[in-house]
Amino acid sequence: MGIEYPLRILLIGNGGREHAIAWKLSQSPLIESIIAVPGNGGTATCPKVTNNTSVSAEDFPALLELARKNNINYIVPGPEAPLVAGAVDFFENAGIKSFGPSKKAAQMEGSKTFSKDFMKKHGIPTAAYENFSDYHKAREYLDRVQHNVVIKASGLAAGKGVIIPTSKEEARKALKDIMQDKEFGSAGDEVVIEEFLTGDELSILTFSDGYTIKSLPPAQDHKRIGEGDTGLNTGGMGCYAPTNIATPDLVAQIDRDIIQPTIDGMRKDEMPFVGVLFTGLMITSTGPKVLEYNVRFGDPETQTVLPLLSQDTDLAKVMVACSECYLDSVLIKVEPKFSATVVVAAGGYPESYAKGDEMNVQTPPEGINIFHAGTKLANNKLQTAGGRVIAASATAAESLRAAVDKAYEGVKLIQFNKMYYRRDIAHRAFKPTADTKEALTYAEAGVSIDAGNQLVERIRNAVRSTKRAGADAEIGGFGGEVDLSKAGFSSDAPIMVGAIDGVGTKLMIAQATRNHTTVGIDLVAMNVNDLVVQGAEPVMFLDYFGCSRLDPEVAAPFVESVAAGCRDAGCALVGGETAEMPGMYKDDDYDAAGAAIGVMRASQRLPRLTAMTEGDVLLGLASSGVHSNGFSLVRRILAREKLGYASPAPWDASSQQQKSVGDALLTPTRIYVKSVLATLPRLKGLAHITGGGLTENVPRMLPKHLAAEIDVATWDLPPVFRWLKNAGNVEAAEMARTFNNGVGMVAVVSPADAEAVKAELEMAGETVYTIGKLTARTNTETGCVLKNLESWS
């Protein structure tokens, strides 16, 4: 038998969500009366609503008796607890229809392990995870993983069972609190440990009858108690909708790839979902991923999105359509407005707080709603009765800022002792975007390419004064050379070439992550690559390691990585210097430098300036990552985006095993020596793309009358550089002047040799792109002209 009108509703719950539901339901002409059990100070004054505290919201038989006594014909359970406990099944078995999922379907919120396994089964994107019911196995896993984690009590924990630790120590403590100390009771008998996803969070409320879905505008809530999203987790301190990141395309993608497959999967698993599904999402660099499901209206999302429904959208009719499986025939209309909610909590929440304080709440003007949560009427006086006490919600047609400002005007209508609220609700919506935030540059990060060029010019004469037979003492190239035959040695003696360099502030990442196994390779690469671009074969290497306190656990892996680089380059590590200098460096900081010596014959010398002509082809050899330049800017961008080195690398999310930011950035500089030496006779010039990027390094191998014309659209900008550009709002020209952008070496070859050289380099293991050509240079033109920079946007 179908549901008959008028509706006499039993509304279970006493939070802000329930007040908002009662507020919207009371506007329906289909509603005769609503009994709220137990309700709160807000539902007590809502039209058509009566509070009843004579029975417990958890006592289903007593609720049934109350329902029959009052001729109730529809049940609306608000919170998750009665739904997970089987309220819908209980009342429907007694002949009263309900709005909400069955006990079986409610497991999607009742058990985090159940929902994660469901997502895996149905291919719904979510964070990598493991389930644990054994504390010691969970602790071992926690100690083993390198990425940041989120720890979730599997059962119901009143919205507080999700812990986001900021360190291993915090994670261990959270695990102990949940599993051993039972902070959340039996909810913590089992835990889910999943990877910490980065991005923007969204919450979407979706009506469903088991087949059809109709989603409300995406909202974003604020879980942390403190401003700037700091401090302990709460049930939610505020919310706003719609969000600026939820574009129509993204909303369509979420419905298509996540919510509809969820509803379809639940039906196929013989637990059709009826009611409203809350889907918590993280919008990552690789797309939306599910954080969690709730099987009821969210709080404070409900207080935010229900006021966006039009006057002619009847919530009662929508609920009944879900229960009766004809949702596709019901109108849900959302007003083109913005909405914001500011939650006001008791002082001390979410820890200990007072109850029973008298309150004064003034009548709000049109466009502002006051939704009660932890309040009650005692002797006709309004009192606090919970942690999250009350909330001010507001809508505005003109802008989100206007809605937020109105919500804070609503907060001014509320007074009680030690009330607390966040003053930054919707701050993420107002953070700078690519259109408004400061565009970072390498110079602003503390490194000036121009200053380096000016220094070279200033010291050029001093360096020239050291000229001797066989050495012209000219600086500005990739290295220096001595022709031993001209220096008085044997007439057939080779030319010696030297290069010296360091690793730069990439060392700070190695020190912060305590991973010293790759930066020695960087040190060798920066030197030997500078030798080979002059036509020299590296034969020996020397390193310098300076520190405040010599720690063999740091120094040994560093030197071992230097040796690994030398083996790759085919040169001998013949010596070095280790300097322990307390006071010169801080704590465990260290610095490193290296010098490489190579040899060549005069016929091998690069660049061959007189051989270069217009039309010569430019080949780009792919880099392995950021290499060893631009890290001052990289660190500045990471700091502004609040990304730690242990965070999952947002540009690496598509890989099977996502690396941390630190591990991804420590990918060592590629050593090109062996592959390039094999093609040396057919090369006219080589440029190692280091500090200064393509813009500054390519002209160093060219004669004054020629310029390099490079089409940057001929290769794909690697994900790490695309992320740096977008996150730092770095101009494309600045990117080209700072980073290698995916090309670590550029070669000049004749058109006739281009294909053969490209093939030979690829046979040696290089990825090679044909990136441009040499053109005539005018007096006003730079030595490197970059085309299609807009393709990096």
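Phe60, Phe90 and Phe91 form one aromatic cluster, where rings of Phe, Tyr and Trp (its six-membered ring) pair if their centres lie within 6.5 Å, with planes under 30 degrees apart counted as stacked, over 60 as edge-to-face and the rest as tilted. The model is predicted, and local features need pLDDT of at least 70 while side-chain atom pairs count only at pLDDT 80 or more, although totals for chains, interfaces and linings use all residues. Residues are numbered from 1 along each chain as its sequence is written, and side-chain values use heavy atoms, with hydrogens and water left out.

**Aromatic pairs and charges over rings**

- A search of the whole structure finds 16 aromatic pairs, including an edge-to-face pair of tryptophan 23 and phenylalanine 371, with 5.5 Å centre to centre and 75 degrees between the planes.
- This pair links distant parts of the chain, since tryptophan 23 belongs to helix α1 (residues 16-25) and phenylalanine 371 to strand β19 (residues 368-372), 348 residues apart; helices (H or I, at least four residues) and strands (E, at least two) are DSSP runs, numbered from the N terminus.
- Phenylalanine 371 is buried, with a relative accessible area of 2%, where buried means under 20% relative accessible area, exposed over 50% and partly exposed in between (1.4 Å probe, protein chains only).
- Phenylalanine 60 and phenylalanine 91 form a tilted pair, at 6.1 Å centre to centre and 50 degrees between the planes, which joins helix α2 (residues 60-69) to helix α4 (residues 87-93) across 31 residues.
- Phenylalanine 60 counts as buried at 11% relative accessibility, and phenylalanine 91 is buried with a relative accessible area of 0%.
- The charged end of arginine 401 sits over the ring of phenylalanine 430, 3.8 Å from its centre, the criterion being NZ of Lys or CZ of Arg within 6 Å of the ring centre and within 35 degrees of the ring normal.
- Arginine 423 lies over the face of tyrosine 421, at 4.5 Å from the ring centre.

- Beyond its neighbours within four places in sequence, leucine 665 is in contact (heavy atoms within 4.5 Å) with Lys506, Ile509, Val626, Phe631, Val634, Leu638, Trp651 and Val720.

**Helix α21**

- Helix α21 (residues 719-728) is mostly covered, with seven of its 10 residues buried, including Val720, Phe721 and Trp723.
- The cover over the buried residues of α21 includes α17 (631-640), α18 (661-665) and α22 (732-738).
- Asparagine 729, which follows α21, has a positive phi near 50 degrees.

**Strand pairing**

- Strand β9 (residues 200-208) is largely enclosed by the rest of the structure, because eight of its nine residues are buried.
- β9 pairs with strand β15 (residues 275-284) in the antiparallel sense over nine bridges, where pairing requires that DSSP finds at least two bridges between the strands.
- Three bridges join β9 to strand β10 (residues 213-215), also antiparallel, and in their hairpin, with four residues between the strands, glycine 210 takes a positive phi near 100 degrees.
- Strand β28 (residues 590-600) pairs in the antiparallel sense with strand β25 (residues 495-502) over eight bridges and with strand β26 (residues 537-547) over 10 bridges.
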